[in-house]
Amino acid sequence: MLTRRTFLQSSTLLALTPTVPLFLARSAKAAADKNGRVLVVVQLDGGNDALNTAVPIGNPAYEKLRPRLRIEKKDLVKLSDTVGLHPSLKPFDKLIEAGQLATMVGVGYPNPNRSHFESMAIWNTASLNPDAGDYGWIGRALDPKAATAYAIGNAAPRALRGRRTVAVTMNRLEDVTLSNPDALNGAVEATQAEDLQAFVRRQAVDARTTADRLTKLAATEGPAYPSTTLGEHLKLTARLLKADLGARVFYTQQGGFDTHASQRFVHTNLLNEFSRAVSAFFEDLQSAKLAERVTLLAFSEFGRTIRENDSAGTDHGTAGVSFLVGPAVRGGVHGTMPSLTDLAAGEPKMTTDFRRIYASVLTNWLDLPAADVLKGTFEPLQLFRS
Amino acid sequence: MPHTENWAPYVPDDKAPWDLRRVVHLHRRAGFAGTWDELQRDLRDGPGASIDRILAGKTSTHAPAEFAATADLLSTSALASGDINRLKAWWFYRMIFTPDPLGEKLTLMWHDHFATANSKVQDAALMWRQNDALRQHARGRFDAILNASLREPALLFYLDAQTNRKGRANENLARELMELFTLGVGNYSEADVKDAARALTGWTVEDGQFTKVLAQHDSGEKAILGQTGKWTAQNLIDMLLRHPATAQRIAVKLCRLFFGERAIDPEAVRDLGSDLREHDLDVGRTVEKILRSRLFFADANIATRVSGPAEFIAGTVRALGLFDPAPSTLALADWSARMGQDLFDPPNVGGWPSGRAWVHTRSLIARSNFATALMAGRDAGLPSPYNPASLPGSCGLGTGQADLLTFYHRLLFGTDPTESARSRLNGVSGSRLVAVLLSSPEGQLG
């Protein structure tokens, strides 16, 4: 018997042609998501200051570059002898201990672009020279199946835009709970069991069940999420995952990282919001026994100037830091911290091309062909446990 | 081969009587659901006169005399604010109040066919312009629709026409033109797309207007669909119009609009395609042929099509007679988005995935919540809750629970509720009963 998820997949075919040869319907079923693996992307907007996020330990250059903004070694969350995380990432302690946090340093691309818009377009399209029309990397990845991706927030970012991929924007739990639970119940007859009617009836039963489940979940005391925007979005994401709507990709954004002035306080809060929301998310998934199926990728369009400016802030830079979180992840520091003295145009040279992260996620997690999506071959980083 | 048999006209008989069920069906497919008085009128007057009225754009009994002026006012103020949401609200106003629901349905179909998304275009005025052009040509010949659409700045911008230049081709427009707007997959090669893109160079937008820029046009030799020549964009368009696959694709499109799942077999669709081709791809003529056909009114075609969100919403508002006061059209546009159809923002250039793809957990929840909101009044911008007794009462019909069930079942489905339905809905009364019928599985089919 077809599960609802495979039915939904095959229903796309049914919608396109009046009659579908059986073998096409079967292959759609076969292509159904392997183990239901999910990717959650958190896009940090504005340019997250990598140097104060993944901080070098024992590098004298750091103190000289950041007289006011530097973070003391004793305050860092130690990852290794040479790298420590900003203290606001302390909520990641449990994940780090379990080896479920991967920190990728020196991430960027050749000829770094310091425009928010252009650099974010490069990350979103995985193209160094994106045309106005280029589709997103996730959109392209999901196109062959015309799959659905969820954007949690107010708009679907370009990364999700594809030729046939459907990006659904959601930000309200009300969209998946019933304002009147009885309404969906009624008039479900055992009629002549016509094919289409039977299908709609099954979907209605599913919808009712899902809505009920979500309403109950909303009412019970789950792990506490911080009541920040990212916290709300990841809470909603977790609920949608529990509702098993069949989507493989969820994408959300956290803004505010463009810290040109008085960075210390703002950056501390931002990273705090980030780590608390993400750790609450994985705690929630653990208790729902869903964590094994989820990997979260966090990135920003660039790092910031290694030298602080006169306003106790930093400006647009180059190489950044990315995170990959989840039980399937190979924890620890990946890549080489960029040199703070051997610079290009005053800023660090990247040591890891971001497309290698995408290649790893596509190949080793989502089981999708990376070369087509990335329009080239990039050796995947070893970011997942085998 | 004898296509006249496939598309023989509908003549009411014992097996396919002209009954309320068929009248409801006609209004659901050729419009957005009929009001009780429209249904009764058409039941009396028979299929011929009813379809005449629909084709002439004169079927609504609730179109205000100043409809055109009001609609213009709404679109003008929407454009003045540049707010795409107000343009969506304008379109819902049109769907509900127009004397010509068939015209709006066809416009919606073309909007899906020539899918263009404001999330990329970011210009309400250009989206309106395109919508207006689609409406003007909705029933025309396909060559008029295609030529007009390919000159709409919104579409050209959406498909990157302005970056398609001599020596630096962008294949987006060429590919979607061949794959989606005309021939369909399998009827052209990648080489065709490349040279079609070259033919389209210089066909662009400047200062918000369609322009042909000679300097950007690659005037060299191109080989497209087996024909070689120094093809221009217009040559390409003409070639695509002449190709038999285009007529077939339009026939499929029209059948998807007017026929339900498995309600029509491929041979009949092929016949329709050939007929279209023999008659200059005249869409209006083909629509008439469909609406007057036996196939259209056959049992296999009744209640076998999933209503899309906009159809479901506009249909519900019309059927319940919510004209004065009418629900907030801004709210209706928002509900439509929650059901998966955000007007002026299809998910991609392929348009909205339809049919069974409209029916899934999130959309069914939205439809149910919409029905509940309409009954409560508040979340639909209505001043008061819905009073289910007023509509049947005003027609001189009973308003007890059993009578309400009969009335609304007839209004929405054109049939009487079965005994098992009655017993199942025994405890449900008032506006809850209406909400249940609206969100039932049967309520999603039209």
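1. How much accessible surface does chain B have, and what share of that surface belongs to carbon and sulfur atoms? The accessible surface of chain B comes to about 16,100 Å², and 52% of it belongs to carbon and sulfur atoms. For chain A, the surface is about 15,900 Å², with 53% belonging to these atoms. The areas come from the Shrake-Rupley method with a 1.4 Å probe, and for residues only the protein chains shown count as cover.

2. The basis of these remarks is a predicted model, in which local features need pLDDT of at least 70 and side-chain atom pairs count only at pLDDT 80 or more, while totals for chains, interfaces and linings use all residues. Residues are numbered from 1 along each chain as its sequence is written, chains are lettered from A and ligands numbered from 1 in the order in which they are written, and side-chain values use heavy atoms, with hydrogens and water left out.

3. The secondary structure of chain A consists of 11 helices and 14 strands, whereas chain B has 23 helices and four strands. Helices (H or I, at least four residues) and strands (E, at least two) are DSSP runs, numbered from the N terminus.

4. Along the principal axes, the C-alpha atoms of chain B fill a box of roughly 75 × 55 × 40 Å.

5. Of the 446 residues of chain B, 60% count as buried; for the 386 residues of chain A, the figure is 56%. Buried means under 20% relative accessible area, exposed over 50%, and partly exposed in between (1.4 Å probe, protein chains only). Among contacts with a separation of 6 or more, residues 24 or more positions apart account for 71% in chain A and for 71% in chain B; contact means heavy atoms within 4.5 Å.

6. Chain B carries 50 positive and 51 negative side chains, and the centres of the two sets lie 2 Å apart. Lys and Arg count as positive and Asp and Glu as negative, with His and the chain ends not counted. Each charge is placed at NZ of Lys, CZ of Arg, CG of Asp or CD of Glu.

7. Strand β1 (residues 38-44) of chain A is mostly covered, seven of its seven residues being buried. Val38(A), Val40(A), Val42(A) and Leu44(A) point one way, while Leu39(A), Val41(A) and Gln43(A) point the other way. In a regular strand the side chains alternate between the two faces of the sheet. β1(A) pairs in the parallel sense with β9 (residues 294-300) of chain A over seven bridges, and Val40(A) stands opposite Leu296(A) in β9(A). Six bridges join β1(A) to β8 (residues 249-254) of chain A, also in parallel, with Tyr251(A) as the bridge partner of Val41(A). Two strands pair if DSSP finds at least two bridges between them.

8. Chain A also contains an open sheet of three strands, in the order β2-β4-β3 with antiparallel pairing. β2 (54-56) and β3 (77-78) stand at the edges with a single partner strand each, so one side of each is left without a neighbour in the sheet. Three bridges link β2(A) and β4 (residues 83-85) of chain A, including one between Pro56(A) and Val83(A).

9. The buried residues of α12 (residues 190-199) include Asp192(B), Val193(B) and Asp195(B), and their cover includes α11 (172-181), β3 (222-224) and α13 (233-242) of chain B.

10. Thr177(A) lies in the loop between β7 (166-170) and α7 (195-219) of chain A and counts as buried at 13% relative accessibility. Leaving aside neighbours within four places in sequence, Thr177(A) is in contact with residues of chain A, including Ala211(A), and with Ile365(B) and Asn369(B).

11. A cis peptide bond, with omega about 0°, joins Asp324(B) and Pro325(B). Lys375(A), which is not a glycine, has a positive phi of about 55° and is exposed at 56% relative accessibility. Gln122(B) likewise has a positive phi, near 55°, and is exposed with a relative accessible area of 59%.
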